[in-house]
Every structure is written in structure tokens, then in C-alpha cells.
Amino acid sequence: MEMVNLKSQYLKIKPEVDAAIQRVMDNGIFINGPEVKEFQSNLERYLGVKHVIPCANGTDALQIAMMGLGLSPGDEVITASFTYVATAEVIALLGLVPVLVEAKESDFTIDTKEIEKAITPRTKAIVPVHLFGQGADMNGIMEIAKKYNLFVIEDTAQALGATYILSNGKKASLGTIGDVGCTSFFPSKNLGCFGDGGALFTNNDELAADLRMIANHGQKVRYYHDVIGVNSRLDTIQAAILDIKLKHLNEYAEARRSAADFYDSALKNVEGLITPNRIESGTHVFHQYTLRVLNGMRDALRKHLEENGVPSMVYYPLPLHFQKAFESERYPKGSMPITELLSSEVLSLPIHTEMQSEELEFIVEKVQSFFNV
Ligand SMILES: *Cc1c(COP(=O)(O)O)cnc(C)c1O
């Protein structure tokens with residue numbers, strides 16, 4: 001058994017995918033082939049956003065977003081401590097100051113109240129992370145961003161396809177609410193390619209042109225470089241694969257959700273466990289199915305599962321404010337009690353689009369047997 005089974009997913013769409021890859025090879029246009037534009041348009045339509053800018057990976061997307069918004073060294077950027085390192089890494093790489101903030105116990109995402117406390121005159125942007133497949137508090141965050149005139153860059157690497165209900169009652173795709181949305185097509189993400197890939201989203205025409213320019217060596221016209229850019233492209237082959245998988249993205253989310261429903265119903269009454277909360281203001285696409293294991297039993301449960309052939313993972317064992325790379329006097333031990341607690345309690349169970357009911361039953365049985373249920 002694996003955390004993620006990409007092979008069985010591929011086998012279901014093999015003829016289509018193989019034909020698409022063959023077509024790219026026959027055409028020989030490996031960079032910026034027509035498939036890239038096609039996928040871009042189809043993703044724009046799917047998300048209901050004006051502009052999708054494909055790039056090489058999710059980390060680049062975040063970097064390009066910050067460059068495109070004109071953030072400059074010394075500017076402070078607020079993000080969650082309880083996230084994957086990529087989010088904060090690019091902030092630091094650009095000479096900006098990552099300001100890490102506490103999580104909410106209810107859904108693991110950044111705490112809006114704590115964002116407001118962390119704002120200073122140098123704050124320029126907020127990067128909410130839609131952790132594990134559902135939205136951070138976008139309504140609260142957009143309100144604060146408006147009040148303090150800050151940019152919002154959504155890290156949607158784990159939540160592509162999830163939706164969110166805005167204050168005005170309208171439904172929007174995550175990643176299309178802030179100034180820019182960023183995502184990753186890393187193979188294990190909800191929409192994954194067969195290598196690396198990423199994209200940015202925006203409804204702002206001018207910003208879209210800048211982001212496209214930055215991703216392409218800072219040029220709008222070939223060999224004329226207006227700004228310092230980067231080289232960040234989505235390969236034609238990856239775009240061709242993604243275009244096929246995009247058609248299945250809703251199905252994939254449904255499959256993940258039904259696996260999560262099964263886990264929920266079997267585990268919600270187990271004493272010592274908290275099953276993942278689902279926010280009311282949006283959908284959950286279950287990039288991860290993450291339990292909280294109480295009373296210091298997380299590592300023992302993990303070991304028990306491993307001995308019984310059930311893989312599990314800890315996302316994330318060490319919050320960013322405790323990582324050597326981000327060490328700062330700003331964050332003494334105990335400065336983010338919830339994030340610190342969560343990182344000692346979380347355990348993610350296998351979840352993917354091809355989970356078999358026997359597999360789910362087996363996993364649940366092994367979790368239950370640990371708690372003598
Ligand atoms: C995967 C991920 C990224 C980075 O994406 P890559 O394509 O691997 O560079 C960024 N943020 C979060 C939250 C992620 O899960």
C-alpha cells in the first residue's frame with residue numbers, strides 16, 4: 001500500500017495520455033507547444049479566472065507572484081508557520097521578510113486575528129495557504145488586506161479545484177480570490193503532471209502581462225528584456241497530460257471526498273482522535289486526510305500502522321518558525337502554541353483517487369485496533 005497511487009490513476013486514462021504524449025513527440029514542439037495554450041485556456045475556464053500563467057513549478061509560481069507585485073527587499077510578507085517550506089522560502093530568497101503566523105486549531109490554516117496583530121508599516125502582502133485541500137479564511141483575510149492595503153497571494157498548491165463562498169454569497173475557485181493565486185502540478189497534487197509544473201492565476205490584465213513577462217526572462221518581445229525575470233515554463237508534454245487530467249479533476253475530488261467520508265464515519269467516534277473539520281464556507285478536496293492524534297499517541301499510532309503495513313505521514317513535523325533556516329528571536333518556543341501542538345498531533349492517512357474499499361476498510365481496522373475499538 002502507498003500514500004498515493006499514481007500508477008493506477010494513469011492506467012485508467014492510459015490510451016488518452018499515451019496518445020497525447022505521442023502527439024507532442026510527433027510534433028516536436030517541446031517548449032511552448034500548442035498544448036500549453038490549450039491547457040491554459042481550459043484551466044481558465046474551469047477556474048473561472050481571466051488569466052492562467054503556466055510555469056515550471058509551484059515554488060516558482062510563488063516567486064514570480066512576489067516579483068510581479070513589485071515587492072522589494074525589506075518588505076514584510078505574512079504567511080503561515082504551519083505549511084510546506086516553499087511558501088516562506090521564496091519570500092526569504094527575494095530578500096523579503098517572512099513573518100510567520102499562528103494556525104487555527106479548527107482547520108490548520110492561518111489565523112486571521114494573528115495576521116492582523118503581525119501587521120507593521122512594512123507589511124506588503126499576505127500569503128494564505130489552503131492547507132490539505134480547503135480554504136483559509138479568505139473572507140476575513142480579504143477584509144484585512146483591504147483595510148491595510150496589502151496584496152494577497154493564495155498558495156493553492158494543495159487545493160486546486162476547491163471552491164469558496166465569498167462574503168457576497170458568490171462562489172469562487174480557490175486561487176482566484178486574492179491578487180494572485182499560485183499552484184503546483186507536482187505529481188501527487190490534486191492535479192498532477194508526470195514531473196514538475198505550476199501556474200499562476202489572476203483577474204488583473206496588467207499584472208497577468210507582468211507575470212508572463214517575468215516567467216519568460218523579463219521579455220515581452222524576444223531578446224528585449226524590460227525587467228530581470230526567470231526561466232520558468234511548463235513543458236508541452238506536461239501541459240498535454242494536464243489537459244487530459246483536468247477533465248477528470250472533479251471526479252478525482254469526488255473520489256478523494258468519498259474516501260474521506262469513509263474515514264470520517266469510521267473514525268469520528270474514536271476517543272483520542274479528531275477527524276478533519278470541513279469548513280462551512282467552501283469545499284474540501286482532501287489533498288490530505290489529516291487526523292489529530294491526542295494524548296501524545298501520534299508516533300505510537302504511526303508505528304502501529306507501519307507494523308501493520310499501513311503507510312502514514314506527518315505533514316509537518318516541524319513548523320517553519322522552528323526550522324533552522326527560519327530561526328529568529330521573533331519566535332521563541334511557545335510563541336505559536338497551536339501550530340506547535342498541531343505539529344505534534346497530525347497524522348495523514350493514505351488518500352488518492354483510486355482507493356479501494358478493501359484498502360480503506362483495512363486501514364480503518366488498523367487504526368481502530370490501536371485504540372482497542
Ligand atoms: C507543493 C507545494 C508547494 C510547491 O510546489 P512545487 O511544485 O513542489 O514547487 C508550495 N506550497 C505548498 C503548500 C505545497 O504543498
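**Exercise 1. Packing of H1 and H8**

Determine how helix H1 and helix H8 are oriented to each other in this predicted model, and which residues form their contact.

*Solution.* Step 1: locate the elements. H1 spans residues 6–27 and H8 spans residues 236–246. Step 2: read the geometry. Their axes come within 9 Å and cross at roughly 140°. Step 3: classify the angle. Angles over 145 degrees would count as roughly antiparallel, and 65 to 115 as roughly perpendicular, with the rest oblique apart from the roughly parallel range under 35. H1 is therefore oblique to H8. The hand of this crossing is right-handed.

Step 4: list the contact. From H1 come Gln9, Ile13, Glu16, Val17, Ala20, Ile21, Val24 and Met25, and these meet Thr236, Ile237, Ala240, Ile241, Ile244 and Lys245 of H8. Step 5: sort by class. The contact of H1 with H8 holds 10 nonpolar, two polar and two charged residues.

**Exercise 2. Packing of H3 and H7**

Carry out the corresponding analysis for helix H3 (residues 58–68) and helix H7 (residues 205–215).

*Solution.* Step 1: the axes of H3 and H7 lie 9 Å apart, at an angle of about 125°. Step 2: the two helices are therefore oblique to each other. Step 3: H3 passes H7 in a right-handed crossing. Step 4: on the H3 side the contact is made by Ile64, Ala65, Met67 and Gly68, and on the H7 side by Leu207, Leu211, Ile214 and Ala215. Step 5: seven of the residues in the contact of H3 with H7 are nonpolar, one is polar and none is charged.

**Exercise 3. Surroundings of the ligand**

Which residues are closest to the ligand, and how many surround it?

*Solution.* Step 1: 13 residues surround the ligand, and the closest are Gly58, Thr59, Asp155, Ser184 and Lys189. Step 2: examine individual atom pairs. A side-chain N or O atom of Lys189 is 2.7 Å from an oxygen atom of the ligand. For Gly58, a backbone N or O atom lies 2.8 Å from a ligand oxygen atom. For Asn57, an N or O atom in the side chain is 3.5 Å from an oxygen atom of the ligand.

**Exercise 4. Backbone features in loops**

Locate the cis peptide bond and the residue other than glycine with a positive phi.

*Solution.* Step 1: the cis bond joins Tyr315 and Tyr316, with omega about 5°. Tyr316 belongs to the loop between helix H10 (298–307) and helix H11 (337–345). Step 2: Asn149 has phi near 60°. Asn149 is placed in the loop between helix H6 (138–148) and strand S5 (151–155).

Notes: Residues numbered from 1 in each chain as written. Predicted model: local features only at pLDDT ≥ 70, side-chain atom pairs only at ≥ 80, totals over all residues. Heavy atoms only, no water. Axes fitted to C-alpha atoms, helices over the stretch in contact; angles between N-to-C directions. Helix = DSSP H or I, 4+ residues; strand = E, 2+ residues; numbered from the N terminus. Left-handed = near helix turned anticlockwise from the far one by under 90°. Contact = heavy atoms within 4.5 Å. Nonpolar A, V, L, I, M, F, W, Y, C, P; charged D, E, K, R; others polar. Near = heavy atom within 4 Å. Polar contact = N/O pair within 3.5 Å; in protein donor to acceptor, adjacent residues only side chain to side chain.
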